[in-house]
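Please examine the structure shown here together with the explanation that follows it. The paragraphs begin with one chain as a whole and then turn to selected elements.

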Amino acid sequence: MTMTLIADAPVDVDAEGFLTDPEQWNEAIADAIARENGIPELTDRHWLVVTFMRERYLATGAAPSIRALGKESGVPIKELYQLFPKGPAKLAAKIGGIPKPKGCI
Amino acid sequence: MTELLEQPQLTPAEPETIEKVSIVISKGSLEGIYPGLIMANGARMEGIEADLFFTFFGLDAIRTDRFEKIKVATVGNPGMHLPTWLGAIPGMSRLATKMMQRQMEKIDIPPIPEFIELLGDSGARLYACKATVDMFGLTMDDFVPQVEEIISVGEFYEKSAGGQIIFT
């Protein structure tokens, strides 16, 4: 775990750049992580996914599966991959300031 | 007089990442089909390209008349820890399948038809093996719409260029 500056805020991140403390997160941090990962601007659809991931993690302690994400976030699987081509669950978790999803699905 | 040999320049290599996987599914039992589907989905979730090639009884996973009826093998499967005579009792395979499906549902692994749809929507590409299709007398009409085409082994290798091939 290392301390780094994202959008001028000091945050703790793991080796892959996932925030280890969701409390340190804010929207400016989300924008900065998105830009760094090939998403120039977060649209409302991106936010829908990021918010869903984050809320689910904060409520249950685990990130949702891609199946749950596709069924319950309001964004279907096809669109999830258009929004986050490099892996929707992983990237939405990173942008949402929660740890990397651990599940296989 | 000694001469200093030129030393090769040693630079630390960048850690390699997998960019593409081509997964062969060759078995038609539940435990034969799922690992390949899970690996393909896992690849897509990591942003890795995934091609799936269904061959022999693995074709059952993409056949509309069969993919809802995939069963666990209760005979000839040492992993089940069941005596062969017990595994052969009528209904045993269905029971074992039901139990396994319930466990999978708990950890959010979808049933095979839904999984195939999920993979198609995720951008994985699905192919049927030409030799098997010819042998069983099948056509594209026998397969789910996610199947892109029927291809030969040669075409499979062409499509797999630059990636890793995984046989299951």
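**A guided reading of the model**

Among contacts in chain B between residues at least 6 apart in sequence, 69% join residues at least 24 apart; two residues are in contact if their C-beta atoms, placed from the backbone, lie within 7 Å. The model is a predicted one, in which local features need pLDDT of at least 70 and side-chain atom pairs count only at pLDDT 80 or more, whereas totals for chains, interfaces and linings use all residues. Residues are numbered from 1 along each chain as its sequence is written, and chains are lettered from A and ligands numbered from 1 in the order in which they are written.

Chain B contains six helices and five strands. Here helices (H or I, at least four residues) and strands (E, at least two) are DSSP runs, numbered from the N terminus. Read from the N terminus, the elements of chain B follow the order β-α-β-α-α-α-β-α-β-α-β. The radius of gyration of chain B is 21 Å, well over the 15 Å that the globule rule gives for 168 residues, so chain B is more spread out than a compact globule. This radius is taken over C-alpha atoms, and the globule rule is 2.2 Å times the number of residues to the power 0.38. The C-alpha trace of chain B spans about 85 × 40 × 30 Å along its principal axes.

Where chain B meets chain A, 13 residues of chain B are in contact with 14 residues of chain A. On the chain B side, the elements that give two or more residues are α1 (30–45) and α4 (112–121) of chain B. The largest share of that side, four residues, comes from α1(B).

In chain A, helix α2 (residues 44–60) has 17 residues and reaches 24 Å from its first C-alpha to its last, close to the 24 Å expected at 1.5 Å a residue; the expected span is 1.5 Å times one less than the number of residues. Within α2(A), H46(A), V49(A), V50(A), M53(A) and R54(A) are buried (20 or more other C-beta atoms within 10 Å of the residue's own; exposed means 12 or fewer, and partly exposed lies in between, with C-beta atoms placed from the backbone). The buried residues of α2(A) pack against α1 (27–36), α3 (66–72), α4 (77–83) and α5 (88–95) of chain A.
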